[in-house]
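Look at the structure below and follow the text with the model open.

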Amino acid sequence: MSAAPAPTGNGAEAAAIAEDSPAPRRGGLARLVGLFNANWTSWAGLAMLVVIVLMAIFAPLLAPYDPLDQSILNRLKPPSADFLMGTDAFGRDVLSRVLYGARISLIVAIAAIGLAMVAGGTIGLVSGYVGGRFDVAMMQAMDVLMSFPSLILGLVIVALLGPELRNLIVAISLTAVPPFARIARAPTLAVKERAFVEAGRALGFSHARIIFVHILPNVMSEVVVMGTLWLATAVRVEASLSFIGLGVKPPTPTWGGMMRDAFENILDAPWIAIYPGLAILALVFALNLLGDGLRDATDPKLRGE
Amino acid sequence: MTSTRTASRTGLAALALAAALAVAGSANAQPRTMLNVGMAAQDISRLDPHYSTTTIDKVVVGWMFSGLVRFRPGSISPAEIEPDLAERWESSPDGKTWTFHLRRGVQFHRNFGEVTAEDIVFSLTKAADARRSGFAADYRAFEAVEVVDPYTVRIRLKEVVPSLLGLVTNYHGGNIVSRRAVEQLGDRFLREPVGTGPFQVTEHRARQSLELAAHEGYFRGRPQIQRVSYRFIPSDASRDLAYQNGEIDLIYGRQDQSWANRMKALPNTSVMVFDPAELGLLHMNITRAPLNDIRVRQAIAHAANREELIQFHGVDVSRAGTGLLPRGYLGGIEVGAVPHNIERARQLLREAGFPNGLTIKTITTQLPSMLATMQVVQAQLRRAGITLDMEVVEHATFHAQIRQDLSPIVFYSAARFPVADTWLTQMFHSRSIVKTPTAVTNFSHCGMADAEIDAARVETNPQRQLELWATAQRKLAEAVCAVPLREGLQIWARRNSVELGYQLNGAMSLGPLLTEQTRFR
């Protein structure tokens, strides 16, 4: 997965960089696919994820009803031909809300983890590269953040900022920054000692260029794998925050929010809780399968290297 | 011989077993004395009765305090007011001077001493002081409350009030507090109040429960229930499960037909639906854009669909709001409930310059029944192009924030003393506008009917008084200060083994009163 960029420069220095650079793995992608293939569950995870993403994208075409439309006469209807997953306390179609709810879960998870990857990755890269006291201070700060469980930290941040989509994304991304910083820093410490980095410095490359052009590609695979695994966590945290009333405001459908609404009628109409619950389970399961598969495929120990 | 001996042994054994069972039976026959109550609450907020406005607080305040007079337990009819701390009373011919003769030997909770005229004067003066009471506006007509002797109190009024006894009942400011306790406990009085009712606070477990014990010195006799645990279980489903598992005996219900039907189907359970109906009004701040445009307010009024709300909550527990006052209040008229008409609402919005609709912020409570109502209203307004941007907050926060004037639209559901004066003064008089020194619950900032409300309060001619109240309501309705939505009746359920000791038709404290007669069968 990790493919070092072709070092630039002329003469002997360039040759030295070229010699030390991690050999670009010819056919690395094919090999990765091969390793990924070795575990069919990875493909199952990917397939499930693709289905959920397609459902979210095409929700307006797939949903039989407007997810916000209330029909008081049809409230708390069990699953039937008219309402495949039944209706909720306001007579809203549960299937339509589950489909639209996927959008929020995916948007929040992808945006939050994307932000965390960028922020955490940058912190880890810079911290590892700079080293010394700066590194110690940054990592201790990350340790402090990591000492809070994601849900508790997310809860505090959303409670402070207010329950809105944007704040939910910020809160979840903040809880995920430390692991990304950690995962980016570790390989940076090793890579920065390599000759091609030394050569880059000798050639007068800026620190930013060395970090982001030469070191980053060598740590990218770990960060991406971590990201996939953390997407599942983000989905869970979003659902949990919505469940406790700190999610997106009503009437926007979110899976956690639907479960929260369903809770008040769980004794009369359990289907309102079951379907969003299954949806959360399916997405988290898919992301975990995919993440595990990617991790196994990129783990040198498992590859027997 | 052997068979005789065997028979006699068997007989003895049977006798012994019967005796043992009889003893066990008599032990089991001892009625329980601990009552567990499940309430939809995160916690209590203020138990000083002169500040208690939430249902959560009012219910428990009703068990702890007495007034000079009281509504007969189970009734909210002013015609059934009976003596409480006062044994008797009389008024001067002009109705401006009232003298109350106190019952002797009435003890406050926790050894705070006997109730004397000084306590009554202190308590009523506190209730009338906006710095120490949330209901001061009700007592504006009080000129002086005086000690005649240790067991006699005189109230002098600046002007005649529609129902003086209503102001000294066991309701809101009429609840009598201990002077010594208020002065001694300071802010702690909000959580550890001292009254004279049948039950007293023993412990407040934050976010868990309020523990109460029988007031042994209660003047009507020692309560038969010894301990009450008032448990905070905000989730309806969790509370229902706790009831079904036998953990609670008396449960605050959900104003919902499906809840009523399910509870009715449970064995040994009685569902209690009673007055007062709380009228839910959608108050609109007429000073804040875009609600300062009457066409926007009219559009909201036309977009609201009361019939749909009744279908949503159920006919057993709710009825349509027909005016700006709950039904049955003296002086109330049917006005302000404009017909549901989405097309008219859209047209009004276009005329107001919002052809593409508009968004209005509102703060609403997490309390399930109120939140559900707001979600239905949100969907109704959406059909007219009005987006309600709802911020959902915890119930106590909701009460705090709406009083800080932070929500341009406020859905407020309430019941008051059933006379127009109290309701109109608190909801629509300019003195009651929120965030003012004399604030009560005027969220709309309407004040166009002040003159009529004030004039009606001192009007001695009953017919003229009714006319003034009617005019006030018409003015307020014309200005679309609030939209009547629905009236929700109180709904609770109890195990049949709990005997309240009276017929429950109504309770001003919004929950079943626990009296000295309340017991387990």
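**A walk through chain B and its partner**

B:Phe142 has B:Leu157 as its bridge partner in S7(B). The model is predicted: local features need pLDDT of at least 70, side-chain atom pairs count only at pLDDT 80 or more, and totals for chains, interfaces and linings use all residues. Residues are numbered from 1 along each chain as its sequence is written, while chains are lettered from A and ligands numbered from 1 in the order in which they are written.

Helices (H or I, at least four residues) and strands (E, at least two) are DSSP runs, numbered from the N terminus. Two strands pair if DSSP finds at least two bridges between them. S6(B) and strand S7 (residues 152-157) of chain B are antiparallel, with 6 bridges. They belong to an open sheet of 4 strands in chain B, in the order S4-S5-S7-S6, with antiparallel pairing. At the edges stand strand S4 (86-91) and strand S6 (142-149) of chain B; each has a single partner strand, so one side of each lacks a neighbour in the sheet. From one strand to the next, the twist averages 20 degrees. Helix H3 (residues 117-127) of chain B packs on this sheet and touches strand S5 (97-102), S6 and S7 of chain B. The direction of H3 makes about 170 degrees with that of S6(B) (axes are lines fitted to C-alpha atoms, for helices over the stretch in contact, and angles run from 0 to 180 degrees between N-to-C directions). Touching is judged by contact: the C-beta atoms of two residues, placed from the backbone, lie within 7 Å.

Elsewhere in chain B, strand S14 (residues 358-365) and strand S15 (residues 386-393) pair in the parallel sense over 8 bridges. From S14(B) the chain passes through helix H11 (residues 368-383) of chain B to S15(B), a right-handed β-α-β crossover (with the strands pointing away from the viewer, the path from the first strand over the helix to the second runs clockwise).

Chain B is divided into domain 1 (34-38 + 195-274 + 491-520), domain 2 (41-190) and domain 3 (277-489), with bounds from an automatic or database domain assignment. The contact between domain 2 and domain 3 of chain B takes 19 residues from domain 2 and 20 residues from domain 3.

Finally, which chain does chain A touch? 17 residues of chain A are in contact with 21 residues of chain B. The chain A side has 11 nonpolar, 2 polar and 4 charged residues (Ala, Val, Leu, Ile, Met, Phe, Trp, Tyr, Cys and Pro count as nonpolar, Asp, Glu, Lys and Arg as charged, and the others, Gly among them, as polar).
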